[in-house]
Amino acid sequence: MSERRTLIAGNWKMNGSVAETLALAGGLADKLKAADDVNFEMLVCPSAILIPAAVSAVKGSDIQVGGQDNHANAKGAHTGDTAVSMFKDAGCSYAIVGHSERRTDHGETDDVVKAKAVAAHSAGLVAVICIGETEAERDAGKTLDVNGSQIAGSVPDGSTAENTVVAYEPVWAIGTGRTPTSAEVQDVHAFIRGELAKKIGDAEAAKTRILYGGSMNPGNSKELLALADVDGGLIGGASLKVEDFWAVAENA
Ligand code: PGA
């Protein structure tokens, strides 16, 4: 039995209003409170401005709240950005960094992602570090190379299983309804754990949770979450409805 506790994380991206966030987070909190024998941890990551609504709605439940992206610096002249201390102050315990939408939309490099993860760690937040290959990279047979170099470049030295989660998200699977086969997912996850071991040592790598993300839904999550090196999911579209997200979690 793995000592890694399954993490079911919702990446709500740029979706929702205050009312919708209260309903979604509150609905999930009600489900979790009513459930017994829960064998997973649940995390929701709303847009920064909706974090207070989510935090108030999950109060009294074990649902964790996280930011979607933090600046690497502690404070200062960075218009439009959010500091880790602000996430912490608002009640967050996690921060997603290096999502492919950030890497693509904002040109974030591995160095930038690593600096953001360092900042998250320094504030006591768990960094969910996202990696993944594009379709062109996969077609060119570069899947392992790309993920290996993103682990080497994006994960800070000295990261631990306590302060770091890795999310493997093939870019071509995000929001497309397509996923790799289970065998492919397991192969990449096992490879990532090996690359992580080079970086943080065998013992920490063995304890670090590696999530799969990219079109995970109630229909495919049972098979994906059962894979030996898959320790949870980072879920976009299917995390925006209470019933769907809960159904994914129940498959943990
Ligand atoms: P998706 O998004 O579940 O909608 O594919 C996952 C993600 O981008 O984290």
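Predicted model: local features only at pLDDT ≥ 70, side-chain atom pairs only at ≥ 80, totals over all residues.

Reader: Where is D229 placed, and which residues does D229 touch, not counting residues up to four places away in sequence?

Author: D229 sits in the loop between α10 and β8. Leaving aside residues up to four places away in sequence, D229 touches R4, Q186, H189, A190, R193 and I210. With one of these, Q186, the side chain of D229 makes a polar contact of 2.8 Å.

Reader: Is S215 buried or exposed?

Author: S215 counts as buried, at 17% relative accessibility. S215 is also among the residues that come nearest to the ligand.

Reader: How many residues are around the ligand, and which come nearest?

Author: There are 13 residues around the ligand, and K13, H99, E169, G175 and S215 come nearest. In the side chain of K13, an N or O atom is 2.7 Å from an oxygen atom of the ligand. The backbone takes part through G175, where a polar backbone atom is 2.7 Å from an oxygen atom of the ligand. At G236, a backbone N or O atom lies 2.8 Å from an oxygen atom of the ligand.

Reader: Let us turn to aromatic side chains. How many aromatic pairs does the structure hold?

Author: The structure holds two aromatic pairs. In reading a pair, one considers the distance between ring centres and the angle between planes; planes over 60 degrees apart count as edge-to-face.

Reader: Why does the pair of F40 and W246 tie together parts that are apart in sequence?

Author: F40 is in strand β2 (residues 40–45) and W246 is in helix α11 (residues 242–250), so the pair ties together parts 206 residues apart in sequence. F40 counts as buried at 5% relative accessibility, and W246 counts as buried at 7%.

Reader: Why is the pair of Y168 and Y212 edge-to-face?

Author: The ring centres of Y168 and Y212 are 6.3 Å apart and the planes are at 65°, so the pair is edge-to-face. This pair links distant parts of the chain, with Y168 in strand β6 (residues 164–168) and Y212 in strand β7 (residues 209–213), 44 residues apart. Y168 is buried, with a relative accessible area of 0%. Y212 is likewise buried, with a relative accessible area of 0%.

Reader: W246 belongs to α11. Which residues of α11 are buried, and which on the other side are exposed?

Author: In α11, V242, F245, W246, V248 and A249 are buried. Viewed down the axis of α11, its buried residues fall within an arc of 155°, so they line one face of the helix. E243 and E250, on the other side of α11, are exposed.

Reader: What covers the buried residues of α11?

Author: The cover includes β1 (6–11), α1 (18–34), β2, α10 (221–225) and β8 (232–235).

Reader: How many residues of strand β5 are buried, and which way do they point?

Author: For a strand, one considers its two sides in turn. Strand β5 (residues 126–131) is mostly covered, with six of its six residues buried. V126, V128 and C130 point one way, whereas A127, I129 and I131 point the other way, and all are buried.

Reader: In what sense does β5 pair with β4 and with β6?

Author: Strand β4 (residues 94–97) pairs with β5 in the parallel sense over four bridges; V97 has I129 of β5 as its bridge partner. β5 and β6 also pair in the parallel sense, over five bridges. The bridge partner of V128 in β6 is V165.

Note on methods
Residues numbered from 1 in each chain as written. Heavy atoms only, no water. Phe/Tyr/Trp six-rings, centres within 6.5 Å; stacked < 30°, edge-to-face > 60°. Buried < 20%, exposed > 50% of the residue type's maximum accessible area, 1.4 Å probe, protein only. Arc of directions from axis to C-beta. Contact = heavy atoms within 4.5 Å. Pairing = 2+ DSSP bridges. Near = heavy atom within 4 Å. Polar contact = N/O pair within 3.5 Å; in protein donor to acceptor, adjacent residues only side chain to side chain.
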